[in-house]
Amino acid sequence: MLLQGKTALITGAARGIGKAIALRFAAEGADIAFTDLVLNDEMAAALEATRQEIEAVGVTCRAYAGNAADFAETETLVKQVAADFGHIDILVNNAGITKDGLLLRMSEAQWDAVINVNLKSAFNFIHVCAPIMMRQRQGSIINMASVVGVHGNAGQANYAASKAGLIALAKSVAQELGSRGIRANAIAPGFIETAMTAALPEETRAEWIKHIPLRRGGTVDDIASTALYLASDLSSYVTGQVLQIDGGMNM
Ligand code: NAI
């Protein structure tokens with residue numbers, strides 16, 4: 001068991017990649033704290049259903065409703081997680097949204113929403129978790145970026161900028177906190193089969209797959225395996241890195 005005795009905090013994990021990461025970490029013995037946005041009864045039910053699914057693996061799991069983009073809310077939430085679990089060893093900044101559009105047609109609201117949910121949220125969580133990890137003298141922080149954060153993407157200026165920011169944030173944290181035993185890395189997934197990509201038109205999906213040497217979209221488990229590597233001691237000498245998990249789309 002690679003994560004026995006560890007507590008992992010994962011944002012936006014009621015579904016998709018975050019949920020797959022939570023389940024994989026739990027299978028390796030980690031206790032799980034995860035967050036998600038809860039705006040209605042359906043979202044509350046999804047949060048609880050995921051919590052039960054993770055707990056069924058045989059670890060302690062608690063779900064926390066919260067808007068990751070809200071600094072004050074995050075501060076309260078993380079304090080509660082620390083009180084509930086006693087320590088936070090792994091932080092995965094996974095919560096993310098898209099609000100695509102060509103730059104000239106992009107509204108200020110589209111820009112702000114994506115930057116706040118994708119990038120500011122990571123600042124919020126790192127800001128509150130880092131002092132806890134510093135006291136423990138160990139911790140692993142993983143920012144969920146994207147290949148478009150490395151290469152850019154027409155129609156996604158807000159999203160690509162937020163993901164590039166997550167990469168630079170991980171590298172900066174790696175430099176600032178390495179001496180305290182804290183590692184920070186980013187994962188840059190390519191085209192992964194989730195609700196986010198299922199919403200894309202079929203032609204767009206086909207176009208993406210054409211450019212992938214492995215000729216398939218990635219699975220959430222492909223990303224969860226990478227997160228496990230970065231969270232565990234398997235990567236104890238790895239920090240400030242961006243792992244592109246994209247079937248070879250970008251080399
Ligand atoms: P998803 O939409 O299935 O899951 C994202 C989760 O974040 C949802 O549960 C959502 O409710 C939650 N969330 C949204 N806003 C939030 C907020 N303000 N506070 C807390 N939680 C919030 O998306 P998916 O595909 O699982 O993506 C997860 C991460 O991976 C995202 O950061 C995304 O940008 C990134 N990613 C996904 C790729 C893909 O192909 N699916 C490719 C590259 C990166």
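**Salt bridges, burial and a helix pair**

Modeller: The side chains of Lys210 and Glu207 meet in a salt bridge, at 3.2 Å from N to O. Bear in mind that this is a predicted model, where local features need pLDDT of at least 70, side-chain atom pairs count only at pLDDT 80 or more, and totals for chains, interfaces and linings use all residues. Residues are numbered from 1 along each chain as its sequence is written, and side-chain values use heavy atoms, with hydrogens and water left out.

Colleague: What makes Lys210 and Glu207 a salt bridge?

Modeller: The term asks for a side-chain nitrogen of Lys or Arg within 4 Å of a carboxyl oxygen of Asp or Glu. Lys210 and Glu207 have N and O at 3.2 Å, so the pair qualifies. Both sit in helix α8, 3 residues apart, about one turn of the helix.

Colleague: Why is Lys210 called exposed, and what is Glu207 called?

Modeller: Buried means under 20% relative accessible area, exposed over 50%, and partly exposed in between (1.4 Å probe, protein chains only). Lys210 has 53%, so it counts as exposed. Glu207, with 38%, is partly exposed.

Colleague: How do you know that Arg205 and Glu193 form a salt bridge?

Modeller: Their closest N and O atoms are 3.1 Å apart, so the pair passes. It links distant parts of the chain: Arg205 is in helix α8 (residues 202-210), and Glu193 is in the loop between β6 (182-189) and α7 (195-198), 12 residues apart. Arg205 has 17% relative accessibility and so counts as buried, whereas Glu193, at 35%, is partly exposed.

Colleague: And what separates Glu48 from Arg51 along helix α2?

Modeller: About one helical turn, because they are 3 residues apart in helix α2 (residues 41-55). Glu48 is partly exposed at 32%, while Arg51 is buried at 17%.

Colleague: What makes Ser235 buried?

Modeller: Its relative accessibility is 0%, so Ser235 counts as buried. Ser235 is in the loop between α9 and β7 (242-245). Leaving aside residues up to four places away in sequence, it touches Arg183, Tyr229 and Leu230 (contact: heavy atoms within 4.5 Å).

Colleague: What is Tyr229 called, then?

Modeller: Partly exposed, because its relative accessible area is 31%. Tyr229 is in helix α9 (residues 220-231).

Colleague: Which residues does Met134 touch?

Modeller: Met134 touches Leu177, Arg180 and Ile182, not counting residues up to four places away in sequence. Met134 lies in helix α4 and is partly exposed, because its relative accessible area is 24%.

Note on methods
Helices (H or I, at least four residues) and strands (E, at least two) are DSSP runs, numbered from the N terminus.
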